[in-house]
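Have a look at it first, then read on.

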Amino acid sequence: MFAQKEGNIWYFGKNAGIDFNSGAPVALTDGALNTSEGCASICDAQGNLLFYTDGSSIWSQNHQVMPNGYALFGHASSTQSAIIVKKPGLNSIYLVFTITQLAGIHGLCYSEVDMSLNQGWGDVNSIKNINLVSHACEKITAIKHKNNVDYWIITKLFNSDAFYSYLLSETGVNPIPVQSNVGITVADDFHFHSIGYLRASPDGKRIACANQGIFTVELFDFDKTTGYLNNPISLNNVNSMGIYGVEFSPNNKLLYVSEKNNIIQYEVTAGSAAAILNSRKKIGSDLAPLGAIQLGPDKRIYIARGLRDSLGVINEPDLLGNACNYVHNGFYLAGKKSTIGLPTFTNSVYDFTPNDETVPLYDNRPMNYILPEATAEVDFEMPNIFTPNGDGSNDLFIPAKSKGITEMHTLIYNRWGGQVFETKNLMIEWDGKDLADGTYFWVILYTDVNGEQKTLNGHLTLVR
């Protein structure tokens with residue numbers, strides 16, 4: 001998927017900003033935002049600014065707080081106080097997900113901005129500060145679903161090893177998360193261990209988590225179909241509790257970490273966990289405290305330097321070691337100052353790789369489709385939409401492909417977790433009878449021809 005222009009204008013720090021629309025970054029000095037840490041901004045597909053936020057207030061493109069864009073439950077001193085995601089299928093609606101500071105009671109919430117309100121300047125509508133989970137760490141990221149339409153909104157819980165992934169589709173946010181209990185339990189009396197960035201690779205296949213107070217970066221694989229995190233690797237050879245920012249290279253192969261006054265590089269494709277750990281290289285240092293690390297639309301990586309009038313820049317972030325060319329005062333902010341935060345974006349904003357993995361939204365196979373004979377290779381695809389309206393086309397929910405499966409147990413649930421269907425038929429053949437249109441979730445327990453038992457999860461939309 002090639003990057004669009006939704007991330008072409010940044011506002012951050014003490015009234016600092018950058019415009020990337022000309023191809024080269026240009027400093028902006030007109031921003032109203034003054035934040036110590038977290039922030040987010042969003043443009044339209046042409047790179048025109050829509051609005052920006054510190055998680056507490058939302059400023060429109062005229063740099064005025066929206067009439068209802070105040071008292072959001074984020075916090076300017078939260079690592080990632082907000083992320084902005086366009087609602088699938090609706091051109092004017094954007095969701096602002098907020099994270100409060102130090103794993104507080106408000107946790108992860110969301111509010112809707114309707115750009116058709118306020119004479120086209122946009123405003124928060126009646127959906128405001130809807131709580132999804134309390135006591136979330138100061139961490140959030142958003143990854144585009146494998147269907148290339150929906151999104152996963154991901155956070156880590158405090159005093160837990162759990163990550164929650166919430167599905168955002170055209171029907172809204174599913175309040176029932178996919179829960180992954182994986183990695184380190186983050187907990188301390190003062191909640192300082194909740195600090196640090198959560199970041200997805202541009203292709204959405206990996207997630208990195210900076211845990212400031214426990215001297216560790218965690219690396220996970222991410223399943224863009226199911227929302228699960230797995231295969232944790234702990235990069236525990238950091239040298240100080242100043243760990244804060246994490247970011248992947250444009251080619252998804254390298255991970256950069258801000259560790260107090262140093263920038264560290266890991267090669268995440270090095271092989272084993274030990275090989276990744278041993279690939280650690282210091283590629284730069286600074287007298288300033290180093291904070292957020294953010295990939296830009298120019299394929300450079302920018303680094304927040306506490307209370308400095310310039311950002312650090314990694315000019316060739318796909319290259320190993322010092323060849324990446326880190327410059328500690330690489331971009332001058334025209335007299336404004338950085339703090340330790342930079343805007344948080346969805347992974348798809350800066351995904352520079354061609355997308356060849358999209359799951360078809362419709363089941364286009366012929367109605368007389370017959371499952372192939374079982375082979376040693378499992379090839380399994382599920383349609384994301386079916387239309388049981390009696391017109392003889394796509395009236396049944398059936399797997400598009402199913403090779404190498406000998407037994408299969410399928411369960412389907414509504415968005416509130418109630419089971420609505422169950423079968424052990426390999427073809428499934430669910431007709432959606434007497435159920436309302438909307439999003440449903442499936443779980444498949446299957447046995448392959450090698451006798452291995454496995455589980456798949458996903459969702460579908462029923463539309464008549």
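Strand S14 pairs with strand S16 (residues 178-186) in the antiparallel sense, over 5 bridges. Across that pairing, Tyr-164 stands opposite Gln-179 in S16. Keep in mind that you're looking at a predicted model.

S14 has other partners too. Strand S13 (residues 151-156) pairs with S14 in the antiparallel sense over 6 bridges, and here Ile-153 has Tyr-166 in S14 as its bridge partner. S13 and S14 make up a hairpin with 3 residues between them. In that turn sits Asn-159, with a positive phi of about 55°.

Strand S15 (residues 172-173) and S14 pair in the antiparallel sense over 2 bridges, with Val-173 in S15 as the bridge partner of Leu-168.

| Strand pair | Sense | Bridges |
|---|---|---|
| S13 and S14 | antiparallel | 6 bridges |
| S14 and S15 | antiparallel | 2 bridges |
| S14 and S16 | antiparallel | 5 bridges |
| S4 and S5 | antiparallel | 4 bridges |

Is S14 (residues 160-169) enclosed or left open by the rest of the structure? 9 of its 10 residues are buried, so S14 is largely enclosed.

Now for that other sheet. This one is open, with 3 strands in the order S4-S5-S6 and antiparallel pairing. Strand S4 (40-43) and strand S6 (58-60) are at the edges with a single partner strand each, so one side of each has no neighbour in the sheet. On average, neighbouring strands of this sheet are turned by 15° against each other, direction ignored. S4 and strand S5 (residues 49-53) are linked over 4 bridges, and Ile-42 has Phe-51 in S5 as its bridge partner. As for what holds strands together in general, they pair through backbone hydrogen bonds, either parallel or antiparallel.

Last stop: Tyr-244, which you'll find in strand S21 (residues 243-248). Is Tyr-244 buried or exposed? Its relative accessible area is 3%, and buried means under 20%, so Tyr-244 counts as buried.

Which residues does Tyr-244 touch, leaving aside its neighbours within four places in sequence? Among them are Glu-37, Thr-79, Ile-195, Tyr-197, Gln-212, Ser-258, Leu-290 and Ile-340. Leu-435 sits 191 residues from Tyr-244 along the chain, and their C-alpha atoms are separated by 47 Å.

Note on methods. Residues are numbered from 1 along each chain as its sequence is written. This is a predicted model: local features need pLDDT of at least 70, side-chain atom pairs count only at pLDDT 80 or more; totals for chains, interfaces and linings use all residues. Side-chain values use heavy atoms; hydrogens and water are left out. Two strands pair if DSSP finds at least two bridges between them. Axes are lines fitted to C-alpha atoms, for helices over the stretch in contact, and angles run from 0 to 180 degrees between N-to-C directions. Buried means under 20% relative accessible area, exposed over 50%, partly exposed in between (1.4 Å probe, protein chains only). Contact means heavy atoms within 4.5 Å.
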